[in-house]
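I opened this model to look up its charged pairs, some strands and helices, and its aromatic rings. My notes follow in the order I took them.

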Amino acid sequence: MVAAPAGRGFRVIDSFSRVVRLGEGLHHTGRLGQDAMARTADALRACALRMRRAGLKKYTAIATEACRRAENGLAFLDGIRDETGLSISIISAREEAELALTSCASLLHDGRFSPLRERALLFDIGGGSTEIAWVRTDHARARQSLIGYLSLPMGVITISEQLGDSAFTPGGYRHMVAMVRAQLEAFEDVHCIRREIACGNVVLMGTSGTVTTLASVALGQVRYDRSMIDGATLSMTQALKVIRRLNGMDRAGLSGHVGIGPDRARYIMAGCAIFEAIQQAWQVPEVVVADRGLRDGMLLRMIDRSSRIALQPVPSSFSPVRHKLRPTNGPLHETTTSRP
């Protein structure tokens, strides 16, 4: 994503996103697979091309769970640097949770979208992991701080690979929910989140493809409209109704669903199971939906002059490109993320 500062946020100049499934097969082998690395390298070459076109001065690029866990994660990133000139850093699970929190901060403090409560529970369902952040909010100063975080090595790709075709059966779905739910209790024991929920003191916020898809399906969107989703409130009754409807479909039915499609059908039930496990553990009546993620958090930190985030100078030359490109002018920033 390429952006320029605008007010308290940023204005997007250019954006590029591609599902690469870098963590595919990682659960079984402990390594990044050749096909997954090839898909990711191809996407990163496209990023380098856009960076050259934009005439950027500095950038930041990060990798998350797949590279954290894989035996060959660092070697893969070394190869990307040698080929494209892009220097990509692996961030910790805590940094990932903090970036997700930064990206959603404006929603947390805006009463039009989110109830102004003293605590927030934020979750981000990824491909290789699920990040959960327990947050203290100070609405008077529009600030938030991380009380604690949980990084589950369970994402839509890893769970789907574990369950295989049984993920699309009612029994397999219940097993996924129970498997994730069991991993949440220790976090609850430490932070006593249910006690705060009972006092009406907690807002639940979700940021991931799973949550935005559930909201889109609940609204009956034929074509995804971000402006209707980001900041929307989805009741748990609505969410669970959509999940039950999807759970009654086989993979072919999910692929043909206008709100799911073939690309997401493979992983949607694993994402729903993680969502429902969180709902069972912490029974908040509604969830605020955030269509924003790590890229947004990175850009906001890059713009914030008090941030200690490290910026990389753009290499003087990238790998060979096929088209003659014309740089554009302006105070631009780029952030690139590699997710499972």
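**Entry 1: salt bridges**

I began with D110 and R112, which form a salt bridge. Their closest N and O atoms are 2.6 Å apart. The model is a predicted one, so I read that distance as computed.

Are the two partners buried or exposed? I looked up each side. D110 has 17% relative accessibility, and it counts as buried because the cut-off is under 20%. R112 is at 69%, so it counts as exposed, the cut-off there being over 50%.

Next I checked how many salt bridges the structure holds. The count is 23.

I then took D14 and R50. They form a salt bridge, and the closest N and O atoms are 2.7 Å apart. The pair links distant parts of the chain. D14 sits in strand β2, residues 9–14. R50 sits in helix α2, residues 34–54. D14 is buried at a relative accessible area of 17%. R50 is partly exposed at 23%.

R68 lies in helix α3 (residues 65–69) and E96 in helix α5 (residues 93–108), so the bridge ties together parts 28 residues apart in sequence. R68 is partly exposed, with 24% relative accessibility. E96 is buried, with a relative accessible area of 1%.

Which residues do shared partners join into one network with R68 and E96? I found E65, R69 and E131 there as well.

**Entry 2: helix α5**

α5 has 16 residues. From first C-alpha to last, α5 reaches 21 Å. That is close to the 22 Å expected at 1.5 Å a residue.

Where is the kink in α5 centred? It is centred on T102, and the angle is about 35 degrees.

α5 is mostly covered, with 12 of its 16 residues buried. E96 is one of them, and A93, A97, L99 and A100 are also on the list.

I moved on to strand β6, residues 130–138. It is mostly covered: I noted 7 of its 9 residues as buried.

β6 pairs with strand β5 (residues 119–125) in the antiparallel sense, over 7 bridges. Which residue of β6 is the bridge partner of L121? It is W134. β5 and β6 form a hairpin, and 4 residues lie between them.

β6 also pairs with strand β7, residues 143–152. That pairing is antiparallel, over 9 bridges. Here T137 has Q144 in β7 as its bridge partner. β6 and β7 form a hairpin as well, with 4 residues between them. In the turn, A142 has a positive phi of about 50 degrees.

**Entry 3: helix α10**

I checked the burial of helix α10, residues 209–218. The helix is mostly covered, with 8 of its 10 residues buried. The buried ones include T210, T212 and T213. V211, L214 and V217 are also among them. A215 and S216 are buried too.

G220 follows α10, and its phi is positive, near 70 degrees.

**Entry 4: aromatic pairs**

How many aromatic pairs does the structure hold? I found 2.

F123 and F275 form an edge-to-face pair. I noted 6.0 Å centre to centre and 65 degrees between the planes. F123 lies in strand β5 and F275 in helix α15 (residues 268–281), so the pair ties together parts 152 residues apart in sequence. Both F123 and F275 are buried.

I then looked up F187 and W282. Their ring centres are 6.3 Å apart and their planes stand at 80 degrees, so this pair is edge-to-face. F187 lies in helix α8 (residues 185–191). W282 lies in the loop between α15 and β10 (286–289). The pair ties together parts that are 95 residues apart in sequence. I checked burial here too: both F187 and W282 are buried.

Notes. Residues are numbered from 1 along each chain as its sequence is written. This is a predicted model: local features need pLDDT of at least 70, side-chain atom pairs count only at pLDDT 80 or more; totals for chains, interfaces and linings use all residues. Side-chain values use heavy atoms; hydrogens and water are left out. A salt bridge is a side-chain nitrogen of Lys or Arg within 4 Å of a carboxyl oxygen of Asp or Glu. Helices (H or I, at least four residues) and strands (E, at least two) are DSSP runs, numbered from the N terminus. Buried means under 20% relative accessible area, exposed over 50%, partly exposed in between (1.4 Å probe, protein chains only). Two strands pair if DSSP finds at least two bridges between them. The expected span of a helix is 1.5 Å times one less than its number of residues. The bend at a residue is the angle between axes fitted to the seven residues ending there and the seven starting there. Rings of Phe, Tyr and Trp (its six-membered ring) pair if their centres lie within 6.5 Å; planes under 30 degrees apart count as stacked, over 60 as edge-to-face and the rest as tilted.
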